[in-house]
Amino acid sequence: MHKAFKLKILFLSLPVAAGFLIFYIIPFFRSIGYSFLKSANSREFVFLQNYKEVLGNQYFRLALINTVIFSLVGVSLIMLLSILLSVSLVKLSSRFSFIKSFFVMPYVLPSASIIFFWQVFFDTESYSALTEINGLGGVFDVLPLYIIFLWKNIGINIILITSALTKITPEVYEAASLDGARGFKLHTKITLPLISSSLFFVGVLSFVNSLKIFKESYLFFSSNYPPEAAYMIQNYMNNHFYKLNYQNLSTAVVIFTLSMAVLIFIWYRLENTLSEGTF
Amino acid sequence: MKKLVSVLSILFLAAIVFFTLMGERLFYSTKPSVEIDRPIMIGDRVFLPKTAVFKEEDGEYIYTVTVRQGFSAELLTVTRVRLLSSMEDDTGYLGEDYMIVEAEGYTNSPTVISSSRPLKDGDMVVEG
Amino acid sequence: MKRKRLYYALRLAILLALALLFIYPVLTTAIKSFSFEGKPGLYQYWELFVTNFTYLKYFWNSVFYASVITAVSILISLPLGFLFAKLRFKGRDSIFFIFILVYMLPFQATLLPNYIQLRDFGMLNTPLALTLPMMFSPFAVFLLRQFMKTIPDELIDYALLETSSVLKTFRYAVLPQIKPAIVSLAILIFCESWNMVDQALIFSMDNNDILPLSVILGEIPENVRYAGGTVYMFPIIMLFVMFRETLEQSMEAYKL
């Protein structure tokens, strides 16, 4: 590949690279700068005071806890269900492979279209009564979000897991059954380790998708102030956007991005070592 | 299956384009256009232009207008109000184009002064 | 043998039932759109398109944004995807990691940088705000790199023997190999842009006229919401049905 070709490619890549720099990278560093200022207009350097304020803010804490809970519970549930469904689906003959598509459809559908259905679905008297019960920590307030999250995102997981499952050659199963493995044991000891790198990726993808629930949350509750149990980091940030509270917002974004970066970096490393381990 | 999708898509597109071009026009042209004004109160008598009184089979009626802000435009709905009495203007204040009317609870609501088409209770109208 | 058949049939029945349950919301929304105040028929659509005639304005807004974002982002991301896939240079993987990082961040983290820049360019509350940042999203670069990695190096070297023109190489060696993948990518980006909510809320806070349907749909009167929702998801469903297999095959390339 000659130099001229490489240079041309590089040149053609400039628009998207420049755009990426201009709209994502550079302003991100500027917002880090904002997080150290007192307010958007003054240039008063207040160091970590903003960070102390944000981390001490009860709403930020509430949002953080809610987001973490939602992600953990949501990802666990969706992983379980995705694996179960994938294992079932993969055993069907290819004639029925269209069934998979029914599960995938919610993933591409625009949220606004079907959110009305879900609003009506959860708007019954009996359900409102359930949400009134104290002491449950608002479980029923958030439940619609869990249901919608599962419904929307199981599809992509199923596609990824079934494709990994089909790559396991039948010989492996034959060898395992010769050794006496069957049913549940077969699955946990043989299948799962073989698709572990895919499962890991699906886990991360589900985690990223769990943070996108804001879209549905905003549309479902029709407001930026959902019930307490459903108030998440994204709501917190959106509200500060409306107040044009740049310094608070920048601080929250920096905290958030740093945490995510650490998590993603750990995942990146883990994923590399895992995929080296399997064949 | 592919054929069905193509046919449906073309029909869909045709409908969408049609209504994009004609939607607003249809909104206005399918409704009677009316002139709206408030009645004139002199003393305790209510005056309305003669054209505002509609003589129908079972009596005389006027139509009051309620305005509601819709998604795309103002929605005007008429309510049929029975007149208890009406007489020609004999006070000479406003002249022979006006009548003195009486109706239950009616003093100051926006009213249809004239309409391009006969009205019914609950009709939607447009001003103009 | 019979037992196995029974289990198979049972599994099939359960899966079918679940599948139907999954599209139940879609079916309900569509079916309910064909009745209006108790009468079956297309009345709700009339009410939607005539009484609420601005609905279509927002519909075309969505069409505009989704089309522009899809076309432009794929076009400009092709070279960079190729660069990450086929060219070797120092720091390539680290830079690519940054792309992955930004791609995986939720909207709220990238919204602020986007917003600051849009504000400084004076683009807020204009259609530019609702297209420009999304065009430079790393999603297209990411997937294109995945797809292009599967192209055998020899093919490219062979094409380079014939010509040093980038355009020709792409046209004859690269693009034909990944055509179905590009179609799927286009559909995925289209669906995601069609569903744009977070950005529209923030970048066009003060200008309602240019908003896409995704955020306005919640504000149309209740009696036309089913029809409004059906019209809004119709293009997506058509795309999905037409390109179902291609889509699913390419979704498998999501992996790193």
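1. Ser73(C), Ile74(C), Ser77(C), Leu78(C), Leu80(C), Gly81(C), Phe82(C), Phe84(C), Ala85(C) and Lys86(C) in H3(C) meet Ala140(C), Val141(C), Leu144(C), Arg145(C), Met148(C) and Lys149(C) in H7(C). Contact here means C-beta atoms, placed from the backbone, within 7 Å; helices (H or I, at least four residues) and strands (E, at least two) are DSSP runs numbered from the N terminus. By class, this helix contact has ten nonpolar, three polar and three charged residues, where Ala, Val, Leu, Ile, Met, Phe, Trp, Tyr, Cys and Pro are nonpolar, Asp, Glu, Lys and Arg charged, and the others, Gly among them, polar.

2. A word on provenance: this is a predicted model, in which local features need pLDDT of at least 70, side-chain atom pairs count only at pLDDT 80 or more, and totals for chains, interfaces and linings use all residues. Residues are numbered from 1 along each chain as its sequence is written, while chains are lettered from A and ligands numbered from 1 in the order in which they are written.

3. Now the geometry of that helix pair. The axes of H3(C) and H7(C) (residues 138-149) come within 7 Å and cross at roughly 50°; axes are lines fitted to C-alpha atoms, for helices over the stretch in contact, with angles from 0 to 180 degrees between N-to-C directions. That makes H3(C) oblique to H7(C), the term for angles that are not under 35 degrees (roughly parallel), over 145 (roughly antiparallel) or 65 to 115 (roughly perpendicular).

4. Towards chain B, the contact takes 15 residues from each of chains C and B. Helices H2 (43-51), H3 (55-86) and H12 (225-242) of chain C each supply at least two residues of chain C's side, and H12(C) gives the most, with four.

5. Finally, two backbone spots to look at. Glu37(C), in the loop between strands S1 (35-36) and S2 (39-40) of chain C, has a positive phi near 50° without being a glycine. Glu37(C) is exposed, with 8 other C-beta atoms within 10 Å (exposed means 12 or fewer, buried 20 or more, partly exposed in between). Ser222(A), also not a glycine, has a positive phi of about 50°.

Conventions: Two residues are in contact if their C-beta atoms, placed from the backbone, lie within 7 Å.
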